[in-house]
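Please look over the sequence and the model shown here before reading the report. The notes are meant to be read with the structure open beside them.

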Amino acid sequence: MDLTYDPTLGVLHVEAKHISDHLDKHYLRRLLLYRNDVQEQKLTYTRQKYPSKFVEDISFIAKPGETIAVEVFCSQGGTKRAELTT
């Protein structure tokens with residue numbers, strides 16, 4: 001999973017490789033967003049937009065030096081976590 005943060009726009013870009021042949025049945029269903037290990041947002045989904053990956057842009061304002069972490073959860077089990085420091 002790749003995270004990029006644009007401080008000018010205040011946008012966190014999340015991109016995770018997640019292959020699915022049935023976007024309504026097998027998809028990333030939940031995203032948790034953390035700032036310095038404290039949960040800030042919980043986003044839920046009912047399908048995946050693309051068959052090969054999950055992509056989401058999230059409005060988020062971070063200060064320099066903060067750690068941003070994202071954890072995603074598959075509808076059929078499994079999780080993935082990534083983090084970056086601004």
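The report below moves from the overall fold to charged pairs and then to one loop.

## Overall fold

This is a predicted model, and in it the protein chain has seven strands and zero helices. Followed along the sequence, the pattern is therefore written β-β-β-β-β-β-β, where helices and strands are DSSP runs numbered from the N terminus. The radius of gyration of the protein chain is 13 Å, close to the 12 Å given by the globule rule for 86 residues, so the chain is as compact as a globular protein of that length. Along the principal axes, the C-alpha atoms of the protein chain fill a box of roughly 40 × 20 × 15 Å.

Among the contacts in the protein chain that join residues at least 6 apart in sequence, 54% are between residues at least 24 apart.

## Burial, surface and charge

Of the 86 residues of the protein chain, 40% count as buried, the cut-off for that word being under 20% relative accessible area. The protein chain exposes about 5,300 Å², and carbon and sulfur atoms supply 48% of that area.

Side chains of opposite charge can pair when their charged atoms come close. The count for this model comes to five salt bridges, and one of them is formed by R47 with D24, whose closest N and O atoms are 2.7 Å apart. R47 lies in the loop between strand 4 (38-44) and strand 5 (53-59), while D24 lies in the loop between strand 2 (11-17) and strand 3 (28-35), so the pair ties together parts that are 23 residues apart in sequence.

How accessible are the two partners, R47 and D24? R47 is partly exposed, with a relative accessible area of 41%, whereas D24 is exposed, with a relative accessible area of 51%.

## A network around R35

R35, E40 and E66 are linked in a network of salt bridges. The side chains of E40 and R35 meet at 3.2 Å, N to O, and those of E66 and R35 meet at 2.8 Å, again N to O. The second pair links distant parts of the chain, with E66 in the loop between strand 5 and strand 6 (67-74) and R35 in strand 3, 31 residues apart.

Are E66 and R35 buried or exposed? Both E66 and R35 are buried, and for R35 the relative accessibility is 17%. E40, by contrast, counts as partly exposed at 39% relative accessibility.

Most residues other than glycine have a negative phi. Which values of phi do N36 and D37 have? N36 has a positive phi of about 50 degrees although it is not a glycine, and D37, which is not a glycine either, has a positive phi of about 70 degrees.

N36 lies in the loop between strand 3 and strand 4, and D37 has its place in the loop between strand 3 and strand 4 as well. As to accessibility, N36 is partly exposed, with a relative accessible area of 38%, whereas D37 counts as exposed at 61% relative accessibility.

Notes
Residues are numbered from 1 along each chain as its sequence is written. This is a predicted model: local features need pLDDT of at least 70, side-chain atom pairs count only at pLDDT 80 or more; totals for chains, interfaces and linings use all residues. Side-chain values use heavy atoms; hydrogens and water are left out. Helices (H or I, at least four residues) and strands (E, at least two) are DSSP runs, numbered from the N terminus. The radius of gyration is taken over C-alpha atoms; the globule rule is 2.2 Å times the number of residues to the power 0.38. Buried means under 20% relative accessible area, exposed over 50%, partly exposed in between (1.4 Å probe, protein chains only). Contact means heavy atoms within 4.5 Å. Accessible areas come from the Shrake-Rupley method with a 1.4 Å probe; for residues, only the protein chains shown count as cover. A salt bridge is a side-chain nitrogen of Lys or Arg within 4 Å of a carboxyl oxygen of Asp or Glu.
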